[in-house]
Amino acid sequence: MTARSGAMAELRRGWPVLAGAILGVAVGVVALPSAAVSLFMHDLQTSVGWSRAEISLASTILFGVLAASAPVVGWLADRMSEAKIAAASILILGGVFLAVSQAPARLGFYYAAFAAMGFLGAGAATVTFARAISRTFVQARGLALGLSMIGTGVSSAVLPMVLAPYVAEQGWRAGFMALAAVAVVSAPVVWLLLRRTPPNLAPIAPLDGKAAAPGRIALDATFWKLALVFGLVPLAAVGMQLHYLAFLTDAGLTPAQAGALAGLIGVSVLVGRILTGWLMDRIFAPYVAAAMMGVSALGLLALGLWGAPAALAGVVALGLSIGAEIDLIGYLTARYYGLKVYGRVYGLFYLVCLVGSALSPLAYGLIRDAGDGYQAAQFAAAAVLVLTAAIFLTLRRYRDTMDA
């Protein structure tokens, strides 16, 4: 069987898991709460009176708690059904959204709700879905990971166009109720899809011949380099994504216009994830990563220099960097460490990714509140992405076989 025919056979056999992962990511603990912060920011500021830094702190709390939970979720994912973990977490997210929509507009409750989502909804993070994909696909693993993670891009594309005008008319409470309905309806579908295909029973082993003892993780130079870049990329990009709608509104665009442009980030994320996954099955993945981060740096630099007229360059920059990173975590974890400790290694990398994601929105909010705009943050983010590209180029080779 050729590699191409083997990949197609895997995709035909494993499509339910792939579809479940796409939907799960689209309605998971990162996509829907992040949409709430981004899309409801302007209405919360005007109707409740909270500053953008105060509103953005909810994302910092979410990602901080989620980061602390990630290793535990990774440990559970190595031992339990991904379908049960994901569906239960999505249902909990829906319940928290509903509670926020009905509660008094108090910062303390708002922050507590996002902390609850980060802890109780952690099973709907990418570690769960990436493990389901990685144990189902081998020849098409890169492409399958890329396709599975387009869920965030789908959410980012659809929700701004639908919810931005709706929230502008109905208010943020109605927006939280809409997110609750999406989560509750989606949870049983995710459960049904993820449980349909049995795991891949091919031998599981690291690909580089330098495995740690069974059940242990090798904390070598490669591990620390990967941990560093997986923290720096979201630090540079995630905050700008969450502030993009507000950034465009500051520039004078209407909510509908800004929502349409911000929605294009989702399309860019979608393209970036599929392209990254397809390329990783064919080219040494760190080279793919370095190229993606370099292009993203140029886009953020253009955004800092020219502002709203360079909005499309910013869309490409954010889509490629955010879109590529989760694919890279899933793929490189499997290629360097195998599946025996996949959940635990992914959980650690996802932890640092979430730390960067937690700090980024707050940093962008503080910089914007302290100055005249987002320009300084955009220039700093471009420099950080150049640094990550350089680090990716120093990673050691893995073997070219696909037996893990």
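## Aromatic pairs and cluster

Rings of Phe, Tyr and Trp, the last by its six-membered ring, pair if their centres lie within 6.5 Å. In this predicted model, Phe223, Trp224, Phe230, Tyr337, Phe349 and Phe392 form one aromatic cluster.

The whole structure holds 18 aromatic pairs. One of them joins Phe247 and Tyr374 in an edge-to-face arrangement, with 5.8 Å from centre to centre and 80° between the planes. Phe247 belongs to helix α10 (residues 221-250), while Tyr374 is in the loop between α14 (342-370) and α15 (375-392), so the pair ties together parts that are 127 residues apart in sequence. Buried means under 20% relative accessible area. Phe247, at 10% relative accessibility, therefore counts as buried, and Tyr374, at 3%, also counts as buried.

## A charge over a ring

Phe284 has the charged end of Arg397 over its ring. The distance from that charged end to the ring centre is 4.1 Å.

## Nonpolar core

The largest nonpolar core comprises 132 residues. Within this core, the residues with the most contacts are Phe40, Tyr110, Tyr244, Leu332 and Phe392. Helix α10 gives the most to this core, with 16 residues. Phe392 is also a member of the aromatic cluster described above.

For Tyr110, the contacts beyond its neighbours within four places in sequence are Val37, Leu44, Trp50, Ile55, Ala58 and Phe176.

## Helix α9

Helix α9 covers residues 172-194 and has 23 residues. From its first C-alpha to its last it reaches 32 Å, close to the 33 Å expected at 1.5 Å a residue. The helix bends by about 30° at Ser186, and Pro188 follows within four residues.

## Ser148 in helix α7

Ser148 is part of helix α7, which covers residues 141-148. Its relative accessibility is 0%, so Ser148 counts as buried. Leaving aside its neighbours within four places in sequence, Ser148 is in contact with Leu18, Ala21, Ile22, Val25 and Ile133.

Definitions and conventions
Residues are numbered from 1 along each chain as its sequence is written. This is a predicted model: local features need pLDDT of at least 70, side-chain atom pairs count only at pLDDT 80 or more; totals for chains, interfaces and linings use all residues. Side-chain values use heavy atoms; hydrogens and water are left out. Rings of Phe, Tyr and Trp (its six-membered ring) pair if their centres lie within 6.5 Å; planes under 30 degrees apart count as stacked, over 60 as edge-to-face and the rest as tilted. Helices (H or I, at least four residues) and strands (E, at least two) are DSSP runs, numbered from the N terminus. Buried means under 20% relative accessible area, exposed over 50%, partly exposed in between (1.4 Å probe, protein chains only). A charge sits over a ring if NZ of Lys or CZ of Arg is within 6 Å of the ring centre and within 35 degrees of the ring normal. The expected span of a helix is 1.5 Å times one less than its number of residues. The bend at a residue is the angle between axes fitted to the seven residues ending there and the seven starting there. A nonpolar core is a set of buried Ala, Val, Leu, Ile, Met, Phe, Trp, Tyr and Cys residues joined through side-chain atoms within 4.5 Å. Contact means heavy atoms within 4.5 Å.
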